Amino acid sequence: MSGTSSPSRLTQAQRTAVAELLRVSPVADELGRRFAKAGHELHLVGGSVRDALLGRLGDDLDFATDAHPDQTLALLKGWAEATWETGREFGTIGAQRDGLRLEITTFRADVYDGVSRNPTVQYGSSLGEDLRRRDFTVNAMAVSLPDHVFTDAYGGLDDLANQVIRTPGTPEESFGDDPLRMLRAARFAAQLRFAVDPGVRAAMSAMAADLDRITAERIRDEFTKLLSGADPVTGLRLLVDTGLADRFMPELSGLKLEIDEHAQHKDVYEHTLIVVANAVRLEGPDGPDFPLRMAALMHDIGKPATKAVSPDGRVSFHHHEVVGARMTKARMKAMRYPKDVTAEVVELVALHLRFYGYGRGEWTDSAVRRYVTDAGPLLSRLHKLTRSDVTTRNRRKAAQLAADYDALEERIARIAAEEDLARVRPDLDGNAIMELLGVPPGPVVGRAWRFLKDQRLEHGPLDRDEAEAALLRWARAEGIVGPE
């Protein structure tokens, strides 16, 4: 392997990674030969090269070429199993071959207007020009095809080895072109566990307000990737410390103002970051679990609005879970999250305090049924969120809370085995209700159904005679049917 970077700068592991990429992806060389035969360059670029060097390449490959989109399409015809043109306005043609998704983009030399994020798309004439316009040096490396020349004009390989996020040009120039790159820097810090270069960090702080130029949807997508990263706490700290969080999630920074009610943490902000880290550890092999992580992040955002100080100096945050759920819904709506994802996070925030008090021995089987029913399909996540929220430094108290929750889970399992808690429904269905009460379909049937479900939660399963007798007593009290 040769090229702009000296071969001696590549470690054996990195050589192996790139060689492995090309070994398992003969598609890349084959495509490179097609372009070369037609007189065009083709280079594997950006995240594909970075991930190959890190040994984590997926099935999506990014390429850059001097061919324009029409020429690229002509070269793909008869070779690709499928092509698509959704990115054509940005010079990108997509293709599929042998289970790989390929995106081939014409060299770019974009011009930004400094107002919107969208550039005026201009095609470039060289690989070097194209690499300079990329966000970070670790994404500004290339491997040409089919001759495998490695190009690293901006020190990306050294930054990859040193685990540092830098920009190819000045960070001010890069972020001025596209402010979303500031959020991407925090996202890469969370995903790759890389440190952000001090100059890049300073520019993020100085230019944070420029993030206002970016659409909510683009911010949402980057933030979701950040929170789903291997180390989301590092990314979250960076957002708060640079002021970027204030541009789209000011509630997070606001937590730094609040000392928790037990004075056991420096502030609620630090407690929240510990809860997020705990949730990451508990989510298991199926992670990352975005709704769980987002609920961990948002679970206490209602505290500043509900803070009260008693005459003896004790701090309380009564009903902060209710206020927090409302604030979470508003924030996620503003960030354009889908309604179903928002609903899951909001419900977890609303329920995260329900467990406290169980250890006093006051919960009846009815209370356990309601806990399970209210959580519904979110029960597993609620277990993890509740356990994550235990951050006390008092080991005895932490052990007691863990034991209490173990006992609750065991009790849920016992009752579930007896009563099929996952499908708690009234003991009479709608048809039986209408027949017994002599009423047509309508609101009365819904009210009766809810009454019977409440009875089911309170008393457990009833046989048919018991359910009918309870329903008739309710209907008479409500004036729906006459006295016996």
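**Ground rules**

I am working on a predicted model, where local features need pLDDT of at least 70, side-chain atom pairs count only at pLDDT 80 or more, and totals for chains, interfaces and linings use all residues. I number residues from 1 along each chain as its sequence is written, and side-chain values use heavy atoms, with hydrogens and water left out.

**Overall counts**

I find 24 helices and twelve strands in the protein. Helices (H or I, at least four residues) and strands (E, at least two) are DSSP runs, numbered from the N terminus. The protein has 484 residues, of which 50% count as buried. Buried means under 20% relative accessible area, exposed over 50%, and partly exposed in between, with a 1.4 Å probe and protein chains only. Among contacts between residues at least 6 apart in sequence, 65% join residues at least 24 apart; contact means heavy atoms within 4.5 Å.

I placed D130 in helix α5 (residues 127-132). D130 counts as buried because its relative accessibility is 1%. Leaving aside neighbours within four places in sequence, I list A64, T106, F107 and R108 as the contacts of D130.

I then turned to T65, in strand β3 (residues 60-65). Its relative accessibility is 0%, so T65 counts as buried. Which backbone oxygen does the side chain of T65 reach? It is that of E41, at 2.6 Å. With neighbours within four places again left out, T65 is in contact with F35, H40, E41, L42, T72, I104, T105, T106 and F107.

**α17 against α18**

I checked how helix α17 (residues 320-334) packs with helix α18 (residues 339-351): the angle is about 165° and the axes are 8 Å apart. The pair is therefore roughly antiparallel. Axes are lines fitted to C-alpha atoms, for helices over the stretch in contact, and angles run from 0 to 180 degrees between N-to-C directions. Angles under 35 degrees count as roughly parallel, over 145 as roughly antiparallel, 65 to 115 as roughly perpendicular and the rest as oblique.

α17 passes α18 in a right-handed crossing. A crossing is left-handed if the near helix is turned anticlockwise from the far one by less than a right angle, and right-handed if clockwise. From α17, I note E321, G324, A325, T328, K329 and M332, which meet V341, T342, V345, V346, V349 and A350 of α18. By class, this contact has seven nonpolar, three polar and two charged residues. Ala, Val, Leu, Ile, Met, Phe, Trp, Tyr, Cys and Pro count as nonpolar, Asp, Glu, Lys and Arg as charged, and the others, Gly among them, as polar.

In the loop between α17 and α18 I found R336. R336 is not a glycine, although its phi is positive, at about 70°. Its relative accessible area is 44%, so R336 is partly exposed.

**α18 against α20**

How far apart are the axes of α18 and helix α20 (residues 379-388)? They are 10 Å apart, and the packing angle is about 50°. The two helices are therefore oblique to each other. Their crossing is right-handed. E344, L348 and L351 of α18 meet R381, L382 and L385 of α20. By class, I have four nonpolar, no polar and two charged residues in this contact.

**Backbone and loops**

Most residues other than glycine have a negative phi, and most peptide bonds are trans. I noted D98 for a positive phi, near 50°. D98 lies in the loop between β5 (92-97) and β6 (100-106). D98 is exposed, because its relative accessible area is 52%. The peptide bond from L145 to P146 is cis, with omega near 5°, and P146 is in the loop between β7 (142-144) and β8 (149-151).

My last entry is K77, in the loop between α4 (69-76) and β4 (82-84). K77 counts as exposed because its relative accessibility is 69%.

Notes:
Polar contact = N/O pair within 3.5 Å; in protein donor to acceptor, adjacent residues only side chain to side chain.
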